[in-house]
Amino acid sequence: MAAQSGALYLGFDLSTQQLKAIVITSDLKVLYEAKTDFDADLSKYGIKKGVFVKEETRAVYAPVAMWLEAVDIVLQRLKDKGTPFERIKGISGAGQQHGSVYWNKTGEELLGKLKPDETLVDQLAKTAFAHPFSPNWQDGSTQKECDKFDAQLGSAEELAQITGSKAHHRFTGPQIMRMHENHPDVYRATSRITLVSSFLASVFLGRIAPFDISDVCGMNLWDINAGAWSEPLLKLAAGVDGLESLKQKLGTVREDGGGSMGPISTYFVSRYGFPSDCGIAPFTGDNPATILSLPLRPLDAIVSLGTSTTFLMSTPKYVPDPAYHFFNHPTTAGLYMFMLCYKNGGLAREKIRDSLPKSTTTDSWSTFNEIALATPPLGQNSPTDPANLGLFFPLPEIVPNVRSGTWRYTCMSDGSKLEESANGWSSEADARAIVESQILSLRLRSQKLVHSPAAGIPPQPRRIYLVGGGSLNPAIARIVGDVLGGVEGVWKLDVGGNACALGGAYKAVWAIERNEGESFEELIGERWKASEAIEKVDDGYRPDIWAKYGNVLGSFEEMEGKVLAGEERNKK
């Protein structure tokens, strides 16, 4: 279908600290943007960086009322900018993954009869929820429940095989189990449980929205192979209240990531002037929405270089492992979304940067870049020199699961003679080694998922897109290409800080305007203007250098194993 002249689409991103909204045209041009910043605009809730933290239990949670208030604020700000709501034909968006909202029966009923002359928060906050708070993805209070989830199907490996991930503190299944155990009255007063994504979709739909086929995979409750709820895991989470109680609270999962779930609630028609036929498309999680911020093909990868380092790729292969996450793709049946997430990203790189001589330019990274680019791969001036391999974790890491610390090892060019470096090496050598370490870990853990992108080319990503603050750094771009490859190059994706909201808006365009059988990649790919969104920053695959890193990949894995073994000995 051709782009609809005059049609607009609205995308949202309900993240930890902000609610962002973006309005685009049918041909993907951004027209309006607005946001509600929770700390700045809604400090009356007493939150810090969008959440409450209970140190003694490691619980992290957010007030649901704050999110309701944020919706009216952000829409009013769009209205103040002159946004023509009457032209908006579809809405979708993203929600921070793993958070959950506990609705009661009154809330379900109120959603369908909201009064346009009153705010959402005034009508829903006090009576619509069995619990006023939503557990946040930073929550660390569910270790006991995670242990039971990992054991329920026999092992963490088996849980990952069924649900796409081993048990994690933030995942919704362990969170529901903890709620049931600690607050059984809340569990029993709960009529429906939504994720943050389906919560926001429900507000706009005027009734509880089904789960999205991708975001449901962040719960440790969905059997990805079977395309159904895992009954053993539901029984575990529901405890004495039984399987059926939780099935009813969760409801259905919508397998189609597109189309309309129904028209917008009359509340928004009357209060803001949306057309009554504006369709509400399925909302998804923030990581799946990031993958939708460009027409990503299988074997294309996104490397997000922010405070944390995240690797995202769509793949037709389902090869789960406890070390990473698999989700159903948010729009394309038969594809999966592979995700790696590391706590130690920008902070680790900055620590090395700050140990170097201070930059003499306005670019605080100039010295780091110069040194990293002047240092040969693996610190080897000749093939007979030892290769430098290191782990740099200012924060305790998830992958591998080790305490904070720095470890430096060396090996030979063929990976032999791995040993801990007795004297370490200079901070100048660290500049390249820190980036190599982070990208080697990505290569190690993605190697089972990539295949040859072209005849005569070894398995690797086709094209690599960099996002986040580190994407501006030429040394990082070069080392990403050296280590990971990318036969079509390394590219910087410039969508500002709005990748999730933009992905939601693109999803709305596809959902409403697609022809029968037309994929997200086909429709968005045809309208997406690469020249306005991406810039090539490195050639990517260089056969000799790429092979050099391949020769030490096994040694890198062995080094991680040695560090992990040392951790276990220290615990004993």
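**Figure 1. His98, a buried residue in a loop.** At 5% relative accessibility, His98 counts as buried, because buried means under 20% relative accessible area, with exposed being over 50% and partly exposed in between (1.4 Å probe, protein chains only). Look for His98 in the loop between β6 and β7 (100-103); helices (H or I, at least four residues) and strands (E, at least two) are DSSP runs, numbered from the N terminus. His98 is not a glycine, yet its phi is positive, about 85°. Keep in mind that this is a predicted model, in which local features need pLDDT of at least 70 and side-chain atom pairs count only at pLDDT 80 or more, while totals for chains, interfaces and linings use all residues. Residues are numbered from 1 along each chain as its sequence is written, and side-chain values use heavy atoms, leaving out hydrogens and water.

Figure 2. Leu28 sits in the loop between β2 (18-25) and β3 (30-37). Its phi is positive too, near 80°, in a residue other than glycine. With 10% relative accessibility, Leu28 counts as buried. Ile524, in helix α19 (residues 520-527), is buried with a relative accessible area of 0%. Not counting residues up to four places away in sequence, Ile524 touches Leu28, Pro295 and Tyr506, where contact means heavy atoms within 4.5 Å. From C-alpha to C-alpha, Ile524 and Trp510 are 7.0 Å apart, and they are 14 residues apart in sequence.

**Figure 3. Arginines over tryptophan rings.** The charged end of Arg514 sits over the ring of Trp510, 4.9 Å from its centre. A charge sits over a ring if NZ of Lys or CZ of Arg is within 6 Å of the ring centre and within 35 degrees of the ring normal. In another such case, Arg463 lies over the face of Trp491, at 4.2 Å from the ring centre.

**Figure 4. Phe85 meets Phe274.** These two residues, both buried, form a tilted aromatic pair, with 4.7 Å centre to centre and 35° between the planes. Phe85 lies in the loop between α2 (64-80) and β6 (88-95) and Phe274 in the loop between α12 (266-272) and β14 (279-280), so their pairing ties together parts that are 189 residues apart in sequence. Rings of Phe, Tyr and Trp (its six-membered ring) pair if their centres lie within 6.5 Å; planes under 30 degrees apart count as stacked, over 60 as edge-to-face and the rest as tilted. Ring pairs link Phe85 and Phe274 with Phe12, Phe204, Tyr267, Phe268 and Tyr272 into a cluster. The structure holds 25 aromatic pairs.

Figure 5. Within α14 (residues 346-355), the buried residues are Gly346, Ala348, Arg349, Ile352 and Arg353. They cover an arc of only 165° around the axis, which puts them on the same side of α14; the arc is that of the directions from the helix axis to the C-beta atoms. Exposed on the other side are Lys351 and Asp354. The buried residues of α14 pack against several elements, including β16 (301-305), α15 (366-374) and α16 (427-446).

**Figure 6. Thr367 in helix α15.** Thr367 has its place in helix α15 and, at 14% relative accessibility, counts as buried. Leaving aside neighbours within four places in sequence, Thr367 is in contact with Leu356, Pro357, Lys358 and Ser359.
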